[in-house]
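Biologist: I am new to this structure. Please pick one part and take me through it closely, with the cut-offs spelled out.

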Amino acid sequence: HGWSGKNAGHWHKQEDTMKSNVSFLTAMQTAMRNIQIHSGFIVHQCAHRDDTADYIAMLTQQMVQLISFKDLQLQNTKGPKTIGELWLHMLAQLPGISSVAAECIASIYPTPFVLFQALQKIRSENERINLFKSIRIGSKVMSLKVAKSLADFFE
């Protein structure tokens with residue numbers, strides 16, 4: 001780059017942050033495509049978690065009006081059978097989240113809505129990170145890197 005002097009370190013930090021953001025965005029786009037292709041779900045992207053909650057509520061109302069629960073059970077013979085199973089699939093698609101980690105997260109936050117409710121009470125990024133970091137994965141706690149990644153994703 002030819003940068004030197006006191007601004008060189010700042011430039012590299014900005015460049016690293018941009019690369020990290022691009023890598024995370026690419027990973028998320030790949031995860032969404034995988035869900036669409038392998039599970040047959042349509043992925044709808046929302047700008048904010050409140051928009052996500054509104055979208056889920058709207059879809060739920062439409063589904064209740066269109067089909068009965070029994071009809072839904074008959075149509076859902078492939079892929080996840082419950083919201084909880086879909087939630088596990090979604091979590092496992094995130095970078096750094098194994099199926100075991102997804103199960104640990106889902107044991108505390110069984111649906112996206114429950115997680116969003118917990119996150120709405122949190123104001124700072126550090127509190128969001130600590131929320132995820134406090135989740136036990138077997139005998140260990142979630143790594144700081146993965147906790148930060150989740151805190152950023154669910155911001």
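Modeller: A residue is called buried when its relative accessible area is under 20%, exposed when over 50%, and partly exposed in between, using a 1.4 Å probe and protein chains only. By that rule, 25% of the 155 residues in the chain are buried. This is a predicted model: local features need pLDDT of at least 70, side-chain atom pairs count only at pLDDT 80 or more, and totals for chains, interfaces and linings use all residues. Residues are numbered from 1 along each chain as its sequence is written, and side-chain values use heavy atoms, leaving out hydrogens and water.

Now the layout. The chain holds 8 helices and 2 strands. Helices (H or I, at least four residues) and strands (E, at least two) are DSSP runs, numbered from the N terminus. Their order along the sequence is α-α-α-α-α-α-α-β-β-α.

The part to look at is H6, with its neighbours. H6 covers residues 112-120. Its buried residues are Pro112, Leu115, Phe116, Ala118 and Leu119. Down the axis of H6, these fall within an arc of 160 degrees, so they line one face of the helix. The arc is taken from the directions that run from the helix axis to the C-beta atoms.

What does H6 pack on? Helix H7 (residues 125-133), at an angle of about 140 degrees and with the axes 10 Å apart. Axes are lines fitted to C-alpha atoms, for helices over the stretch in contact; angles between N-to-C directions run from 0 to 180 degrees. H6 is therefore oblique to H7. Angles under 35 degrees count as roughly parallel, over 145 as roughly antiparallel, 65 to 115 as roughly perpendicular, and the rest as oblique. The crossing of H6 with H7 is right-handed. That word applies if the near helix is turned clockwise from the far one by less than a right angle; anticlockwise gives left-handed.

Leu115, Ala118 and Leu119 of H6 meet Arg128, Leu131 and Phe132 of H7. Contact means heavy atoms within 4.5 Å. This contact has 5 nonpolar, no polar and 1 charged residues. Ala, Val, Leu, Ile, Met, Phe, Trp, Tyr, Cys and Pro count as nonpolar; Asp, Glu, Lys and Arg are charged; the others, Gly among them, are polar.

H7 also meets H8. Their axes come within 8 Å and cross at roughly 120 degrees. The pair is therefore oblique, and the crossing is right-handed. H7 brings Glu125, Arg128, Ile129, Phe132 and Lys133. H8 brings Leu144, Ala147, Lys148, Leu150, Ala151 and Asp152. The classes here are 6 nonpolar, no polar and 5 charged.

One more residue of H8 (residues 144-153) is Ser149. Ser149 counts as buried, because its relative accessibility is 16%. Leaving aside residues up to four places away in sequence, Ser149 touches Phe24 and Pro95.

For comparison, take another pair. Helix H4 (residues 83-92) and helix H5 (residues 99-108) pack at about 130 degrees, with their axes 9 Å apart. H4 is therefore oblique to H5, in a right-handed crossing. Trp87, Leu88, Leu91 and Ala92 of H4 meet Ala102, Glu103, Ile105 and Ala106 of H5. These residues divide into 7 nonpolar, no polar and 1 charged.
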